[in-house]
Amino acid sequence: MKRLVVLVIFTLLAVMATQAGACVGKVLYIGVTNSPNDQLLAEMISVLVTERTGTSVKILTFKTGAEIYNAVKHGQVGLIIENTDHGLELVKRPREANAKTAFEIVKREHRKTFNLVWLEPLGTLTGNGSSQLVAPVISLEILGNLPALPKLINKLSGIVNDNSYSRMVKMIKAEDKPNKLAREFLKAKKLI
């Protein structure tokens with residue numbers, strides 16, 4: 001009987017240790033353009049993922065969206081920050097007036113065309129006479145390697161519409177310290 005109890009305890013400890021280290025040692029590459037908005041969102045995701053899972057995150061900056069998608073295609077990037085207008089353009093669909101309809105279209109079409117999964121929108125960006133949703137988009141390969149990642153990243157859903165977020169984007173333009181701002185913001189929201 002004692003042996004059975006010891007065996008059960010040992011097995012439980014081994015399972016818990018395996019689950020705790022499931023993300024440790026893995027690297028998530030995020031591809032973004034050099035815009036302050038993309039940089040801040042990537043830093044927020046980076047800090048959140050690193051702090052909560054132990055997964056290393058590296059942010060790669062590209063000049064164009066085409067370069068980002070090329071990096072995704074070659075497995076160099078596993079997560080990107082995308083907006084619905086650009087997403088529709090990539091799948092050769094017309095711009096949608098309704099942001100939620102646009103989101104559903106890009107979500108479906110990117111899965112079929114690029115093997116990419118759109119996560120919950122981070123919020124709505126307005127400009128150029130339209131409003132578009134911005135969201136993290138993750139490769140199926142990364143989903144297979146880090147299946148709990150979407151649930152964690154979705155904690156940032158709606159973050160772009162927070163008043164303090166727009167102030168931080170302006171601060172990045174002036175100071176260029178997105179990591180520090182992201183960390184402070186996530187601490188204030190009790191996400192880390």
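Biologist: Does Asp 85 count as buried or exposed, and at what relative accessibility?

Modeller: This is a predicted model, so its values are computed from predicted coordinates. A residue is called buried when its relative accessible area is under 20%. Asp 85 has 12% relative accessibility, and therefore counts as buried.

Biologist: Where does Asp 85 sit, and with which side chain does the side chain of Asp 85 make a polar contact?

Modeller: Asp 85 belongs to helix α4, which covers residues 84-90. Its side chain forms a polar contact of 3.3 Å with the side chain of Arg 95.

Biologist: Why is strand β3 described as largely enclosed by the rest of the structure?

Modeller: One reads this from the burial of the strand's residues. In β3 (residues 79-83), four of the five residues are buried, so the strand is largely enclosed by the rest of the structure.

Biologist: Which strands does β1 join through bridges, and how many bridges are there to each?

Modeller: Strand β1 (residues 27-33) runs parallel to β3 and is joined to it by two bridges. Gly 31, for example, has Ile 80 of β3 as its bridge partner. Strand β1 also runs parallel to β2 (residues 56-62), here with seven bridges. Among the residues involved, Val 27 is partnered by Ser 56 in β2. Between β1 and β2 the chain passes through helix α2 (residues 36-53), and this β-α-β crossover is right-handed.

Biologist: How many residues of α2 are buried, and what span does the helix reach?

Modeller: A helix can be judged by its burial and by its span. Of the 18 residues of α2, 13 are buried, and the helix is mostly covered. From first C-alpha to last, α2 reaches 25 Å, close to the 26 Å expected at 1.5 Å a residue. Gly 54 follows the helix and has a positive phi, near 85°.

Biologist: Which residues touch the most other members of the largest nonpolar core?

Modeller: A core is read through the contacts among its members. The largest nonpolar core has 37 residues, and Met 44 and Leu 156 touch the most other members. Elements giving two or more residues to this core include β1, α2, β3 and β6. Helix α2 gives the most, with eight residues. Beyond its neighbours within four places in sequence, Leu 156 is in contact with Met 44, Ile 45, Leu 48, Leu 122, Leu 186 and Leu 191. Another core, of 18 residues, lies apart from the largest one and has Tyr 69, Ile 80, Ala 102 and Val 106 among its members.

Definitions and conventions
Residues are numbered from 1 along each chain as its sequence is written. This is a predicted model: local features need pLDDT of at least 70, side-chain atom pairs count only at pLDDT 80 or more; totals for chains, interfaces and linings use all residues. Side-chain values use heavy atoms; hydrogens and water are left out. Buried means under 20% relative accessible area, exposed over 50%, partly exposed in between (1.4 Å probe, protein chains only). Two strands pair if DSSP finds at least two bridges between them. A crossover is right-handed if, with the strands pointing away from the viewer, the path from the first strand over the helix to the second runs clockwise. A polar contact is a pair of N or O atoms within 3.5 Å; within protein, one must be able to donate a hydrogen and the other to accept it, and residues adjacent in sequence count only if both atoms are side-chain atoms. A nonpolar core is a set of buried Ala, Val, Leu, Ile, Met, Phe, Trp, Tyr and Cys residues joined through side-chain atoms within 4.5 Å. Contact means heavy atoms within 4.5 Å. The expected span of a helix is 1.5 Å times one less than its number of residues.
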